[in-house]
Amino acid sequence: MTLPEIGSILQAQVDRVENYGVYLKHGDATLIVLAPEVSWKDCRPLREQFQVGEIRDVFVLAYNYRDRIIIGSFRRLHPEQSPYRELSRLDPGEILKGKVWHTTGQSATILLPNGAWGELSKSSGKGRKLAVGDEVPVTIAALNVDEPRLWLDLAPQDTPTTTPSAVPSMAGSPT
Amino acid sequence: MAVDEVTLWKAPQPGRDGAREVVAGFDPQAYPGKGPYFALDEQLAREYQSNYQNGLQELYLPQSLFDDLVRQGVIVADPFYPGRSCHVPSGDLPRFNEAIKHGTPNVYHPEGT
């Protein structure tokens with residue numbers, strides 16, 4: 001089998017739908033789109049979103065050499081909808097208001113208003129206690145739009161937070 | 001979490017008893033073949049949780065034990081997410097289940113918490 005170019009777009013037929021992903025066929029090749037790669041926003045169960053036999057465009061993301069499966073993505077066909085790409089357009093140091101979703105000993109998971117998840121190292125909090133549900137001012141420490149992954153720093157508590165127009169309200173939250 | 005521990009995250013699929021699994025372990029019969037998959041970072045697990053809507057499991061095991069299990073092929077790298085995920089083949093789950101009893105007590109976060 002000739003491997004398709006990474007980054008190309010294939011048309012493939014939905015072959016099987018599981019909770020964790022959608023299997024498709026393109027000629028003799030098998031593709032899988034794992035659940036996180038389906039959509040930036042739509043969190044409905046995959047069986048509600050896909051029907052066996054339908055034809056879909058698939059963005060070729062990578063190749064799983066061990067299992068000989070093409071790893072695809074639907075959401076990357078629409079990069080303009082990525083909440084992480086929205087964040088990449090903000091000025092460095094822009095202060096965002098995030099909500100503490102979960103905490104561990106070392107870090108906290110922060111949900112931003114546009115639905116992006118970020119990891120906040122507690123060492124950046126300078127000893128400030130974080131509790132689930134707290135709203136906290138944060139700035140972007142590092143951002144990988146393609147993966148996507150986001151690392152955050154805690155901003156000083158008395159800094160006025162802004163909600164940039166690029167980051168809409170919590171209505172877009174995936175949960 | 002202790003400093004010398006590894007944290008594994010898993011979003012249980014709909015219908016799985018996430019609370020029971022963090023205590024009793026993962027049933028090989030319920031996870032045939034390549035077994036259950038675990039994220040090494042919480043963000044990845046959260047992405048699956050967004051679809052599954054069935055809470056989040058947080059598992060701890062000592063770093064040295066984790067390293068041993070990787071060397072022995074009990075914990076296997078996930079080629080779909082290099083460096084971010086792993087899986088435990090069904091036949092190795094009894095050893096894995098024993099290992100996750102040796103760290104900080106495992107936690108299940110029900111959906112919405």
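Mentor: Begin with charged pairs across the two chains. This is a predicted model, and four salt bridges are counted between chain B and chain A.

Trainee: Which residue of chain A forms a salt bridge with K34(B), and how far apart are the closest N and O atoms?

Mentor: The partner is D67(A), and the closest N and O atoms are 2.6 Å apart. A salt bridge needs the nitrogen within 4 Å of a carboxyl oxygen, so this pair qualifies.

Trainee: How many residue pairs are in polar contact between chain B and chain A?

Mentor: Nine, where both residues have pLDDT 80 or more.

Trainee: Which elements of chain B give two or more residues to the side that touches chain A?

Mentor: They are helix 2 (42–52) and strand 4 (76–77) of chain B. Helix 2 of chain B has the largest share, eight residues. By class, the side of chain B that touches chain A has 10 nonpolar, eight polar and seven charged residues.

Trainee: How is the size of an interface often given?

Mentor: Often as the accessible area lost when the parts come together. Here chain B and chain A bury about 2,500 Å² between them, with 50% of it on carbon and sulfur atoms. On the chain B side, Q43(B), N51(B) and F80(B) lose the most area to chain A, and together they account for 27% of what that side buries. Counted by residues, 25 of chain B are in contact with 29 of chain A.

Trainee: What lines the second largest pocket?

Mentor: This pocket has about 320 Å³ of space and 15 lining residues, with L61(A), A62(A), F80(B), Y81(B) and P82(B) nearest its centre. Strand 4 (residues 55–64) of chain A gives the most to the lining, four residues. By class, the lining has 10 nonpolar, no polar and five charged residues.

Key. Residues are numbered from 1 along each chain as its sequence is written. Chains are lettered from A and ligands numbered from 1 in the order in which they are written. This is a predicted model: local features need pLDDT of at least 70, side-chain atom pairs count only at pLDDT 80 or more; totals for chains, interfaces and linings use all residues. Side-chain values use heavy atoms; hydrogens and water are left out. Contact means heavy atoms within 4.5 Å. Buried area is the accessible area (1.4 Å probe) that two parts lose on being put together, summed over both. A salt bridge is a side-chain nitrogen of Lys or Arg within 4 Å of a carboxyl oxygen of Asp or Glu. A polar contact is a pair of N or O atoms within 3.5 Å; within protein, one must be able to donate a hydrogen and the other to accept it, and residues adjacent in sequence count only if both atoms are side-chain atoms. Ala, Val, Leu, Ile, Met, Phe, Trp, Tyr, Cys and Pro count as nonpolar, Asp, Glu, Lys and Arg as charged, and the others, Gly among them, as polar. On a 1 Å grid over the protein atoms alone, a cavity is a set of points where a 1.4 Å probe fits but cannot get out, and a pocket is an open set with protein on both sides within 12 Å along at least five of seven lines; lining residues have an atom within 4 Å of a point. Grid points are joined across faces, edges and corners, and a volume is the space filled by probe spheres set on the points.
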